[in-house]
Structures are given as C-alpha cells and as structure tokens.
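Subject: Handing over a structure, with notes

Hello,

I am passing on the structure below, and I would be glad if you could read my notes beside it.

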Amino acid sequence: MKTVAVSEETWKRLKEIKERMGLQSMNDVISALIEAWHLTSLKEEFSKIDIFISYEEGLEFVKTVRKFGSKGFLKQ
Amino acid sequence: MSSKIPYKEFLADTAALLYLYSLQSRDLLVLILSKFKIHVSAISLAEFFSFIYYKQHEYDIVSRFYGFTSKTHIIEPIDAPTALRASMIINDLIKHGQVFDLVDVFNVAVASAKNIPILSIDTERYQQYSKYGVTSLDVRDLVSDFEVYLEKAGSENHFPS
C-alpha cells in the first residue's frame, strides 16, 4: 500500500464521494474515480472519430473478401 | 460486475467486431470496451480495417480510428506459437475430412491458446472446433445481457454516463 497526501478540501470531497457511492475504502474511491476518468476519456476520444459502420454492409464486404481471398494454390 | 455472462475476456471475430462497432449507442460500446477485455486477432483486424479503408478514404480518420482500437483491444499477433497451434488444428481437420475457413482456424488457435471464448454472430461455425477446447458466444447475447445489467445498475449508478 502507498500513501497519498491530499488537501483538507480534497479529503472532504473524497469522503463525500465515498459516502454517496457506499464504498468501503478510499482505495475504492480512487479506483472508481480512475475508472470514471478512463471511461470519459474513451468516450471523448471516440466521439472525435467521424466514422459510421453499417453492420450489414460490413458483413457483405467481408464475405467478398473471403471469396476473393481464396484464389487457390498453384495452378495445375 | 454481476452480469450473467461468466466471462470478462473474449476474442471477437470479424463479424463480432463489425457488430460491436455498428452499435447505435457509442456510449454503450465504450462501456462494453471498458468492462470487458476484447482481444482481436491480427487477421480479423485486417479484415475489419479493409472495410474501414473501403468506406473511409480520409487516412487521418482511419489512423485515429486505428489508434482507438489498438488502445481498447488486445491485438493478438499471428506469431510462431499461434501458427504451430493452427497447423495442428488444420492437420486434424484434414484428417477428419472437414471443410474449414483459415481465418476461423487462426482465431480458434488464438482463443485456445488464451483460453478465452470467441465472440461471434454465427456461433455454429465454431462448433467443429469445440474439441480444441474453444467455446463461442453470441455477441448479441453479450450486448443485450450487458444492457440489462446496466439498467439494473442504473439506480446505483454513481457516475452519470
């Protein structure tokens, strides 16, 4: 276990989060905050990628890939 | 998490990958990607990205998309141990006169080495590989089960998404 020093104000806010989330320890609070941050940054990153994927079209494409991609081995 | 699905790690095949990335809700996809470890073989990734290149001609967008997928998935290489495992499976299939697909065999080789189930749309196609210790799960079941889990957890959800 490692120790983290926080200000009085941050400590109060962490305690509030701990209570509201019904968590057992400050370790759980920090883990939950990290998870939430991770999620938010993933969402943010993904929202910047302007890409639309049609499932049906994708399946058709892969079917074509497999068909075109099996040319066979050496000519007789 | 207390989802019905007993696994946390999967290998998504090409169809499963297409399904996940075509989900209407991007938030749902991000939640799934953060709750489960979804491995992808290099060979399925190649098929998936050939479609992305086909649809999206702006290299910058494709490159950013690749940055996202490489960060959120575990990309499984077709390395020497995988090749060796695949060759053993192919030999066995040939001996039994079974028709197979090479991409499937590589995915099966990765899944069996990692001991994780394969996520697919067509779980039946993996039945012939069950003797190599590989199970498969319908990606639609995973998504719908996860949605139910989210609804239940909604009241206790501490961080609005």
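Helix α1 of chain B is largely enclosed by the rest of the structure, because eight of its eight residues are buried. A residue counts as buried if 20 or more other C-beta atoms lie within 10 Å of its own, as exposed if there are 12 or fewer, and as partly exposed in between, with the C-beta atoms placed from the backbone. The buried residues of α1(B) are T14(B), A15(B), A16(B), L17(B), L18(B), Y19(B), L20(B) and Y21(B). Helices here are DSSP runs of H or I with at least four residues, strands are runs of E with at least two, and both are numbered from the N terminus.

Before going further, please keep in mind that this is a predicted model, in which local features need pLDDT of at least 70 and side-chain atom pairs count only at pLDDT 80 or more, while totals for chains, interfaces and linings use all residues. Residues are numbered from 1 along each chain as its sequence is written, and chains are lettered from A and ligands numbered from 1 in the order in which they are written.

Chain B holds an open sheet of five strands in the order β3-β2-β1-β4-β5, with parallel pairing; two strands pair if DSSP finds at least two bridges between them. The edge strands, each pairing on one side only, are β3 (73–76) and β5 (136–138) of chain B. On average, neighbouring strands of this sheet are turned by 35° against each other, direction ignored; axes are lines fitted to C-alpha atoms, for helices over the stretch in contact, and angles run from 0 to 180 degrees between N-to-C directions.

Strand β1 (residues 9–12) of chain B is joined by four bridges to strand β2 (residues 37–41) of chain B, and the two run parallel. In this pairing E9(B) stands opposite K37(B), and L11(B) stands opposite H39(B). Helix α3 (residues 42–55) of chain B packs on the sheet, where it touches β2 and β3 of chain B, and its direction makes about 85° with that of β2(B). Two bridges join β1(B) to strand β4 (residues 118–120) of chain B, again in parallel, and A12(B) stands opposite L119(B) in β4(B).

L29(B) is found in helix α2 (residues 26–35) of chain B, and L29(B) is partly exposed, with 19 other C-beta atoms within 10 Å. L29(B) and V143(B) are 114 residues apart in sequence, but 8.9 Å apart in space, C-alpha to C-alpha. D145(B), found in helix α7 (residues 139–154) of chain B, is 140 residues from I5(B) in sequence and 7.3 Å from it in space, C-alpha to C-alpha.

Chain A has three helices and zero strands. Its radius of gyration, taken over C-alpha atoms, is 25 Å, well over the 11 Å that the globule rule (2.2 Å times the number of residues to the power 0.38) gives for 76 residues, so chain A is more spread out than a compact globule. Along its principal axes the C-alpha trace of chain A spans about 80 × 30 × 20 Å, and buried residues make up 8% of its 76 residues.

Finally, how do the two chains meet? In this model 23 residues of chain A are in contact with 24 residues of chain B. Helix α2(A) gives the most to the side of chain A that touches chain B, with nine residues.

Best wishes

Methods:
Contact = placed C-beta atoms within 7 Å.
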